[in-house]
Amino acid sequence: MSEVEETIKRIQSHKGVLGIIVVNSEGIPIRTSLDNSTTVQYAGLIHQLTMKARSTVRDIDPQNDLTFLRLRSKKHEIMVAPDKEYLLIVIQNPSE
Amino acid sequence: IVPLFMATKSQEIYECICDEHVTEDNPYKLIKKADIIQDMKMRAAISDFHPVKQLVLDYPGEELLIAYDPDFKFGQNFFLCTTEEAKMEHLHPGGADAEGEDGAGEEGAEEEDNAVYVYKPPEAKEWVTQGSQVEVEDEIVVDTRDKIRFRASRVRKEFGAPIIFEDRDADTSAAEQGLAASCLACPSYADTNFTIKKAELDNAVQAVPELTDGSSQTDWKHPVTASVQYEPRIISEEEAKVAQQSEEFKQFIQASVPRFELALQQNTIMDVFFDDWTVLGEEDTNFGSKSDSHLKEYQSFTDLQYSKDKTVTCVDWHPQIKGVMAVACCERLTFDERIDNANKLLMSPSLILIWSFADPIHPQLLLEGPDDICCFKFCPTNPNIVAGGCINGQLVLWDITEYSEKLSSNRGNNSKASQKKAAMFGEEIQPETPTIRYCAVSAIENSHRNIISSVDWLPDHYELNRFGIPVENRLSECCQIMTCGTDGHVMVWDIRAPKAPANTKDQQIVFCCSFSADIQAEKSAPPRPFGVSQVFKHLDLSWKPLLKLSMAKTDSSGDYSPLKFSLAEKQGARDHGGKTDLFYLYAVLVFQFTTVPQPAGEKPETTGMSKVPSAKNQRPLECIATNYFLGSEDGEVIYASFKLEKDNETGKSNGITLPKPTWAVAPHDGPVNTLQRNPFFSDILLSVGGWTFAVWKEGVTSGAILQSACAPKLYTAGHWSTTRPAVFFLGTKDGNVEVWDLLDRTHEPLLVQNVTAAQVTQIVPWVVSKKQHLVAVSDNVGTLHILEIPWNLRHPASGEKQAVEGFFDREIQRIEYFDKKAVVRANERSKEMDKKKAQQAKVEEMTDDALMEEYKAEYDSYKQLEKKLLQQLGLIEEEKPEI
């Protein structure tokens with residue numbers, strides 16, 4: 001457990017990281033470092049996007065699967081790692 | 001006369017064969033009656049005389065006349081005269097005719113001979129019936145027999161006898177009863193005459209629709225979503241904890257974290273999307289030719305009539321209309337000269353000239369003020385309002401709504417069209433520039449006592465209430481003005497209409513008005529005196545400031561006399577959501593609030609937009625800074641707040657005082673003519689005064705971030721560049737404009753360019769369009785120069801903002817370092833001092849005599865020194881100079 005905490009804290013303190021959210025398979029955030037409204041918004045939207053991306057990859061090749069998703073915008077970058085039950089979202093500001 | 005047909009046989013019998021016995025000349029033949037009768041008997045029906053048999057029998061005479069009628073005059077070839085007269089007439093017609101003719105001839109002859117006609121009345125003759133009486137006689141009713149008379153009588157005694165009635169059956173067996181058949185029964189019987197079998201019956205049929213009333217009402221029960229309100233699903237804390245402690249979670253984290261680390265590190269190592277190519281070209285332009293980095297003269301404005309030999313005190317660009325700027329001109333006289341020339345000055349108008357690029361010779365508009373205008377500003381939200389401060393301390397408002405369309409639309413039409421006017425008497429008629437008089441001026445007793453040196457509009461996202469606390473501004477329009485004057489006061493004015501006149505002893509009556517409503521009412525208002533807008537009529541001559549703050553010096557007595565102020569809040573900067581940093585307002589005006597009596601505890605009414613909102617309704621804004629900077633006439637930079645705090649110590653009834661300025665320093669040798677915040681960093685200020693300029697950071701009280709060396713010439717104007725955070729412009733007394741770039745070098749300007757021969761009074765850069773950045777430079781002789789900023793001076797280098805920020809941070813660190821060093825050194829010094837004192841303690845053990853001798857020796861040496869100095873000054877001539 002403490003390893004898990006440590007790992008998460010390590011990511012959180014990485015340079016430029018704005019926040020980190022863990023979402024379960026239903027799209028409900030389990031753990032977050034941002035405020036509630038932002039978390040809920042990110043969780044819902046990114047979850048849907050990840051599902052879509054995953055289904056896209058699997059449609060093209062059913063034996064393939066989505067491992068990592070990076071969404072870069074003008075202001076920051078959103079990184080998503082999907083799993084069977086959980087989803088980890090990290091928001092980073094790369095220019096800093 | 002009856003026509004008669006005679007056949008040939010008959011003619012032979014009677015010897016009247018045509019053309020033998022009877023001719024035309026002799027048509028008549030007499031036939032005996034007896035012959036005719038015999039003929040008729042013999043021949044009966046065959047006889048020609050059969051039809052006239054009766055006539056013949058009735059004929060009285062013996063002979064009948066038959067005449068031959070060849071012309072069939074009477075219808076047959078013969079005719080028979082039935083009467084004697086006719087017979088006679090025919091037999092002797094000639095005679096009668098002859099007689100008649102003769103008679104007529106005689107009569108005619110007689111008539112001709114006699115002129116007089118003798119009237120002979122017709123003689124009455126006997127009625128000769130022609131047969132018409134038969135009809136008449138038929139119609140006459142004549143008794144055919146005599147009338148019969150009857151007489152009936154009854155025995156007299158039977159009259160009036162009682163009557164006895166009996167019944168009797170009136171049937172057919174009346175004979176059995178022995179009665180005569182006098183009673184006839186009249187049984188009723190079906191008289192077939194009157195029974196008509198109806199074979200046809202007329203029946204009328206009308207087809208009428210049956211009307212039925214029916215109705216139904218349907219219920220629309222189909223549900224439609226009106227609104228949806230949803231909440232995100234959230235799991236509870238315990239569930240979250242349980243989930244986080246599960247095995248899968250652990251594995252998931254361990255599996256995905258390495259990917260993240262890879263990605264995060266990639267981002268920090270290098271920005272993959274950074275386009276080097278586009279950035280590459282930016283640095284080449286620095287090597288351009290000199291003209292490219294020069295401020296190019298674009299246009300210059302001067303008016304021979306209004307601005308010649310005057311000094312331009314203030315320049316401001318129109319916030320919305322491109323290419324329009326306003327210039328305030330003042331006489332170049334000292335105070336004494338003003339008093340001497342007061343009469344002349346009264347006659348010459350004090351004007352703000354509004355210029356447009358379209359016409360460099362004639363100003364578009366003139367705004368007239370009560371006295372020379374030292375500073376003015378367009379209202380940022382409503383550029384039709386101009387607020388200006390006068391040299392006599394009054395605050396003036398102009399409303400140029402009427403001419404705003406003219407300003408924006410009329411470009412270049414004025415000069416040509418109006419010059420075509422025919423000149424009268426050979427004189428040139430200048431096209432008339434419209435002059436607008438001020439529409440509101442503040443009350444003299446409540447205004448500044450000395451010149452208003454700076455005026456500015458408070459940003460529209462907040463407003464100040466009576467206590468200097470910033471509250472929410474609902475209008476989102478600039479409605480408050482802050483002014484500072486050299487009398488040591490900073491005042492805040494409100495341009496809205498007053499609330500209901502109240503029994504106030506206070507001087508602070510807030511005036512509210514809603515611009516748009518009033519200006520619309522203005523358009524339909526009755527004609528105005530002097531053509532002046534009536535929007536601010538409520539303010540005219542009775543305008544009092546909302547807040548009045550006096551600046552008392554912190555360390556010594558007296559007031560600061562502020563020249564410039566700088567507010568922290570920027571117009572248009574509304575981001576106060578979560579920030580809690582305080583912005584500092586540069587207000588020239590804020591200082592101590594000591595003597596102005598407070599309002600008698602009245603609360604403004606709660607009304608709509610047109611009045612000052614009630615203090616209760618106003619939400620005080622926490623994150624608005626109430627501090628501001630001031631630059632004074634003595635070269636001081638002061639930092640103070642206008643928020644009134646409750647003063648419990650003095651126990652005054654109003655209980656409110658102004659806090660003293662928290663910090664003041666005098667870095668400049670002359671009056672501060674510019675105090676301005678960097679448009680990119682709101683806590684960095686530039687202050688220009690005397691021969692130096694300084695860059696400050698708010699909060700760093702130990703010193704300026706950068707203080708320049710003394711320049712050879714006096715600095716008279718300054719302004720940050722609007723596009724490059726490290727660049728600012730300075731103007732000097734000899735008409736030079738210096739461009740300083742803090743990133744380039746800080747000991748000398750990047751560019752020095754001479755713009756005018758006279759002193760530069762104001763520099764105001766402005767972004768007209770993306771490709772054209774202009775700077776307005778005004779000078780002491782009334783000319784306004786517009787220069788174009790070259791590309792390298794207006795285009796920020798890449799990362800300039802960060803570089804400048806870094807520069808400032810480094811400077812602040814340097815200051816802090818030196819502060820610390822100073823502290824350290826002070827400590828060291830104090831330690832040395834202690835040591836010295838310890839040494840000196842030993843010295844004091846010497847005898848007093850020795851001390852006295854020591855003192856004397858010192859005194860002697862001093863005396864000699866004094867002599868020497870006096871000799872040098874030439875005050876003592878004891879020792880004659882050796883020849």
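How many bridges pair strand β24 of chain B with β25(B), and in which sense? The close-ups below, all taken from a predicted model, start with that pair.

**View 1. The hairpin of β24(B) and β25(B).** Strand β24 (residues 627-632) of chain B pairs with β25(B) over five bridges, and the sense is antiparallel. Look for Gly631(B), which sits opposite Val637(B) of β25(B). Four residues lie between the two strands of this hairpin, where Gly635(B) takes a positive phi near 85°.

**View 2. β25(B) and its pairing with β28(B).** Strand β28 (residues 663-665) of chain B also pairs with β25(B), here over three bridges and again in the antiparallel sense. Val637(B) turns up in this view too: its bridge partner in β28(B) is Val665(B). As background, strands of a sheet pair through backbone hydrogen bonds, either parallel or antiparallel.

**View 3. Burial along β25(B).** Strand β25 (residues 637-641) of chain B has five of its five residues buried, so the rest of the structure largely encloses it. In a regular strand, side chains alternate between the two faces of the sheet. Here both faces are covered. On one side sit Val637(B), Tyr639(B) and Ser641(B), on the other Ile638(B) and Ala640(B), and all of them are buried.

**View 4. The two sides of helix α1(A).** Over in chain A, helix α1 (residues 2-12) has Val4(A), Thr7(A), Ile8(A) and Ile11(A) buried. These residues cover an arc of only 95° around the axis, so they end up on the same side of α1(A).

**View 5. What the buried residues of α1(A) pack against.** Within chain A, the buried residues of α1(A) pack against β1 (17-24), β2 (29-32) and β5 (86-92). Chain B joins in as well, with α8 (247-269) packing against these buried residues.

**View 6. An open four-stranded sheet in chain B.** The strand order is β33-β34-β35-β36 (chain B), with antiparallel pairing. β33 (715-720) and β36 (751-754) of chain B are the edge strands; each has a single partner strand, so one side of each has no neighbour in the sheet. On average, neighbouring strands of this sheet are turned by 20° against each other, direction ignored.

**View 7. A closer look at β33(B) and β34(B).** Strand β34 (residues 727-732) of chain B runs antiparallel to β33(B), and five bridges join the two. One pair to pick out is Ala717(B), which stands opposite Gly731(B) in β34(B).

Technical notes
Residues are numbered from 1 along each chain as its sequence is written. Chains are lettered from A and ligands numbered from 1 in the order in which they are written. This is a predicted model: local features need pLDDT of at least 70, side-chain atom pairs count only at pLDDT 80 or more; totals for chains, interfaces and linings use all residues. Side-chain values use heavy atoms; hydrogens and water are left out. Buried means under 20% relative accessible area, exposed over 50%, partly exposed in between (1.4 Å probe, protein chains only). The arc is that of the directions from the helix axis to the C-beta atoms. Contact means heavy atoms within 4.5 Å. Two strands pair if DSSP finds at least two bridges between them. Axes are lines fitted to C-alpha atoms, for helices over the stretch in contact, and angles run from 0 to 180 degrees between N-to-C directions.
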